[in-house]
Amino acid sequence: KYRLKYILKLPGFGSKNEDALNFGSFIHKIFELGYKEKDMKSLLRIAEQERATYKVPFRDNDRMKSCLENFIIWNQGLGETMSTEQVVNVPMDEKHDINFIGVIDRVIKGSDGGYLVIDYKTSKREKKKKTLMDDNQLKGYAWAIHKLYDVPYNKIYCAHYYPVTGNFVAVKFSKFQIDRWKKVQTEKVWRIRKKKKDEFWAQENVFCDWCEYKEACPRFESESVVCQRIDEQKALKKAQKS
Ligand code: SF4
């Protein structure tokens, strides 16, 4: 994927989970625009405005409605919203230009000065507290909030909110856990930096079913198919330019 996307800059092939990706982005957008709304009617109006952009089929209506109903109830009890879809870019090692970059779905400030970082998840697989304690994305968010808002780790909760079921799972990280996370991530950056561009072998992983380059991936296709598909994408790229 790295070679196809960033070196050859070829267009992707789409993903067989594209519908799920679109549905997730659609729900995120409704929550981003409608976090102040208090009734279903207003959220449904936003959904209708956004539906065409995310190509969400009408068969997904029931799932969408339960997400919105759950959201209305859950949203009522939250504190002050500090941001939605906040882009964060926080240096981890300024001298060597290593930054943590991410987009946080929502940041809430409680009346006690604590922060709640929320990541909306529309996938079917929900994580338990124990698994979330190992979540690198949430650790990064905790680090970013700690730096940006100058708040101690014991006042930062990081959570997954699953609107399909209404489940909410929150965890807190210690300074020790975040320091360890930073060390491991920084070492990973150096390992990647030391590699040569042709040392990025395709490695099968949990995200392969979401990968838009899977159709030209040597882990899943023969060499001849990979070559043929790359040639086709090169031709497509050329045609798109002209
Ligand atoms: S399908 Fe998986 S292994 Fe292949 S390029 Fe995509 S992410 Fe990498």
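How many aromatic pairs does the structure hold? I looked this up in what is a predicted model, and I noted that the structure holds 14 aromatic pairs.

I turned to one of them, the pair formed by Trp-74 and Tyr-120, whose ring centres lie 6.4 Å from each other with 80 degrees between the planes, an edge-to-face arrangement. I then looked up where the two residues sit, and found Trp-74 in helix H4, which covers residues 61-76, and Tyr-120 in strand S3, which covers residues 115-120. The two are 46 residues apart, and the pair links distant parts of the chain.

Because Tyr-120 lies in strand S3 and Tyr-161 in strand S4 (residues 156-162), the pair ties together parts that are 41 residues apart in sequence. Tyr-161 is buried, as is Tyr-120.

I then asked which residues the ring pairs link into a cluster together with Tyr-120. My entry names Phe-31, Phe-71, Trp-74, Tyr-161 and Phe-168 alongside Tyr-120.

Last, I looked for charges placed over rings. I noted that Arg-193 has its charged end over the ring of Trp-190, at 5.1 Å from the centre of that ring. I also noted Lys-214, which lies over the face of Phe-220, with 4.6 Å to the ring centre.

Definitions and conventions: Residues are numbered from 1 along each chain as its sequence is written. This is a predicted model: local features need pLDDT of at least 70, side-chain atom pairs count only at pLDDT 80 or more; totals for chains, interfaces and linings use all residues. Side-chain values use heavy atoms; hydrogens and water are left out. Rings of Phe, Tyr and Trp (its six-membered ring) pair if their centres lie within 6.5 Å; planes under 30 degrees apart count as stacked, over 60 as edge-to-face and the rest as tilted. Helices (H or I, at least four residues) and strands (E, at least two) are DSSP runs, numbered from the N terminus. Buried means under 20% relative accessible area, exposed over 50%, partly exposed in between (1.4 Å probe, protein chains only). A charge sits over a ring if NZ of Lys or CZ of Arg is within 6 Å of the ring centre and within 35 degrees of the ring normal.
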